[in-house]
Amino acid sequence: MFKRSLLAGLSLALIFSLVVFSMPSSSRAADATATLTPAPTATPVVSDLGSGGTHIAFWNGLTGSDGDTLNAMLATFVKENPSISITTEEIDWGTLYPKLTAAFVGGEPPDMFIVHVAEIPYYLKQGVIQPNDDLFDTNGGPLPAKDFAEPAYSNTVVDGKHYGVLLDNHGYGTWVNNDLLTKAGLDPKVQPKSGAETLAMLQKLTIDKNGKNAADPAFDATNVVQWGTAIDWPHYMFQSLLFQFGGTVISADGKKATINSKAGVDALQTIYDWVYKYHVAPPPAGFDSWVSFQTGKVAILTTGTWFRNRIASVPTIHWTAWPMLQVGPQPGVMFGAHIMLIPANTTGDKLTAVKKLMVWVSNHNADWAASGQVPARISIRDGLDPKSYPSNIAIGQSYQVGGHMEAPSPSSLDIGNAEDPELSAVLANQKTPQQGLDDAAKRIQAILDRQ
Amino acid sequence: MSNTIVTGSAPAATQQATRRFQINLRRRESLAAYVFLLPFMFFFCLFVVRGVAAAVNMSFYDWDVLSPVHKYLGLGNYNELINDDIWWLSLKNTLIFAVMTVAGSSLVALGAALALNQPVRGRGFFRVLLYAPSLLSAGVVGTTWVWLLNTQFGIVNYALHFFGIPAINWLGDSNLVLPALSLTTIWWTFGFPMLLFLAGLQGIPTLFYEAARIDGASPRQIFFYITLPLLRPTILFVTVLGFISHMQLFSQNFIMTTGGPGYASYSVIYYLYQIAWKSFRMGYGSAVAILLAAIIVIFTALQFILIGRRVQY
């Protein structure tokens, strides 16, 4: 009898799990009233575009809706250039880097690929990319060098040679739920200007199950139903605040880890306090900040320009885009730039086709704005329609004021990999901000010493 | 009838001839066995032994995959490893995970096997059903369980909510993340040990049970004094195999937690991946792999000593 019950119990548990697996994720949401429509469509991992004889293998990490935007652009390109065909592979960034290196080692890299500007020194050190000076007007080429936004453009020129063509600027900004702000008596058009103002706003927007906000002494921090904000990506969040407090991750000469400076500790302490002292943000590990913003559970979300299409797909959320929240004494926001690079062994007709494609994509940079990213070409960026691209414009402009890029370094990926678990440990309350940053500095210094 | 004196020479010659024949036969059989083994050995040496030898060699170098020159470090990588706090943390996490998962998986598998060994209706169906999760890929299991265990939208917390239990941050709490990964892994992998236990149970002669029942043994006594002792070879096999497998934890934490929060779910193989495929330090990564292999060998030997000593074949 016992064994039969055990068998039935095990089977029921299994059937239950299998039934759950077959349900769409949205139907498992704790809040049945939450709206998650329309469901995002997966970007095809591999797309074959065109049938021309000159074939380009093109790898990138644009696995979100930005991949759809790029593929749509490339489809137009092959229509206009029928002699060229393209196979694009959208590969998760974490997999793309090892795959690229393995492909270079194996001698079979793609014909072109997209990474970030900060990673140019890494590929350059390995000798696996080639310059393309002939594409810029400084060398008689078609692309106006001065039309590319700084400081990203300068980072593409190494020892007087241009490497790749910039696609965009992308980075952190702020999304605001207009309805929740209005309900709390706040104006969605007015962004706070200091750490104190920001904290006061977040406290007003953090509500417990009894309707008390986080500034109320009777606030129940263990039963929060609406968060003021959420820490979506600690790496970008911390570095943005680090710049606001005047710090850097490594020294200007790239030889010393400076992440554990006072500025660093102040920046991380601010985020830590939001979570554990003021309770205006949940611990980031295990918290789905995008879905929470989409379902009205988070009032203000600091995240990347790439969030545009996701939030635009949720008609029930009325939003406004702000530049990055200012907490430190000066404006500061982290941003990066996607760049199209050419491997050293792309030659002949393929090289000609790749260069033609890169120039075409750059000249159609306005179409790329549909991905949510900020076009790299200044003339195109400044000409964007404010009604269609409010986040690209509002957030893009902030990069010119207080934007900081990840320092280009042969070890930029390694440095990020050393930094991120430490930030995660601090925000999971395993370490103090000082301990976490000291450990991060120790690991980053070891990387720099090995360089 | 004449008595025939049997001399020793003829039988001795026959015996010698028989012995020669047996030796030749044994040689021929051995030769045939070697010939049959040869293709396997060839590919085993080509893809496994060569790889292991290359890894051992690499572990003595600063081996950058994109550089043609590799600096010889001697035991430098091993020296760095024993002073590496992340290595020790990863090893500790891996051991905790392996012990939890082997124990949990073995218990669940044994319970399921005992139940499935009974003459219940639809036994074949239940066997397939309980084995089904083992057929899923790591990606499917990981992605699904991330949603099941999601703090805000997961069905596990939704169910707990009915009992008045507040939402639990399964994958974001450093104290819960390893048990949560272990739970996922047990659900995913208990099917195979269940089959092994089932085979073990079916290999126990029924006459033991009949004799015990005649002697008035209770089901509990039968289980502890007949079933369990006679299952020891299977238990040894399941635990050894499970330990070797779970010491190589990678896909679950790679997909579900990326090693976090902090380093709370870093496993040795995950750390190895970070070193070898994110930082491309193949020499240091090889040292991690070699040391992990040595640790697995030591623990396997310990298991054989501790459990194997009491095995009754």
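**A close look at chain B**

Mentor: Let's start with how the chain folds back on itself: take the contacts in chain B between residues at least 6 apart in sequence, and 72% of them join residues at least 24 apart. Keep in mind that this is a predicted model. The predictor gives the complex an ipTM of 0.81 and a pTM of 0.84.

How far can you trust chain B itself? Its pLDDT averages 90, and 96% of its residues score at least 70. Confidence is lowest in helix α1 of chain B (residues 9-58), with a mean of 87, and highest in helix α7 of chain B (residues 177-189), at 96.

Now the overall build. Chain B has 14 helices and two strands. Its C-alpha atoms fill a box of roughly 105 × 70 × 30 Å along the principal axes. A compact globule of 313 residues would have a radius of gyration near 20 Å, but chain B comes out at 27 Å. As for burial, 32% of the 313 residues of chain B count as buried.

Next, the side of chain B that touches chain A. Here 37 residues of chain B are in contact with 34 residues of chain A. On the chain B side, α3 (85-116), α4 (123-131), α5 (138-148), α6 (155-162) and α13 (268-278) each supply at least two residues. The one that gives the most is α3(B), with five residues. By class, this side of chain B has 22 nonpolar residues, 14 polar ones and one charged one.

The packing is worth a look too. In the largest nonpolar core, with 173 residues, the members that touch the most others are Ile271(A), Ile339(A), Leu341(A), Ile444(A), Ala113(B), Phe197(B) and Val288(B). The largest share of this core, eleven residues, comes from α3(B). Zoom in on Val288(B), and its contacts, leaving aside neighbours within four places in sequence, are Leu81(B), Trp87(B), Val268(B), Tyr271(B), Leu272(B) and Ile275(B).

Between α12 (251-256) and α13 of chain B there's a loop to stop at, and Pro261(B) sits in it. The peptide bond from Gly260(B) to Pro261(B) is cis, with omega near -5°. Thr258(B) is in the loop between α12 and α13 of chain B as well. Its phi is near 45°, a positive value in a residue other than glycine.

Now put chain A beside it. Chain A has 17 helices and 16 strands, and its C-alpha atoms fill a box of roughly 70 × 60 × 45 Å along the principal axes. With 451 residues, a compact globule would have a radius of gyration near 22 Å, and the 24 Å of chain A agrees with that. Of those 451 residues, 48% are buried. Among the contacts in chain A between residues at least 6 apart in sequence, 75% join residues at least 24 apart.

Chain A has backbone details of its own to check. The peptide bond from Glu150(A) to Pro151(A) is cis, with omega near 0°, and Pro151(A) lies in the loop between α4 (120-126) and α5 (152-155) of chain A. Asp159(A), in the loop between β5 (157-158) and β6 (161-162) of chain A, has a phi near 50°, a positive value in a residue other than glycine. Asp159(A) is exposed, with 7 other C-beta atoms within 10 Å.

One helix to finish: α2 of chain A (residues 65-80) has 16 residues and reaches 23 Å from its first C-alpha to its last, close to the 22 Å expected at 1.5 Å a residue. Its buried residues are Ser65(A), Asp66(A), Gly67(A), Asp68(A), Thr69(A), Leu70(A) and Leu74(A). What covers the buried residues of α2(A) includes β1 (46-49), β3 (84-90), α11 (308-312) and α13 (365-368) of chain A.

Technical notes: Residues numbered from 1 in each chain as written. Chains lettered and ligands numbered in written order. Predicted model: local features only at pLDDT ≥ 70, side-chain atom pairs only at ≥ 80, totals over all residues. pLDDT = per-residue confidence, 0-100. Helix = DSSP H or I, 4+ residues; strand = E, 2+ residues; numbered from the N terminus. Contact = placed C-beta atoms within 7 Å. Nonpolar A, V, L, I, M, F, W, Y, C, P; charged D, E, K, R; others polar. Core = buried A, V, L, I, M, F, W, Y, C linked by C-beta atoms within 7 Å. Buried ≥ 20, exposed ≤ 12 C-beta atoms within 10 Å, placed from the backbone. Rg over C-alpha atoms; globule rule 2.2 N^0.38 Å. Expected span 1.5 Å × (residues − 1).
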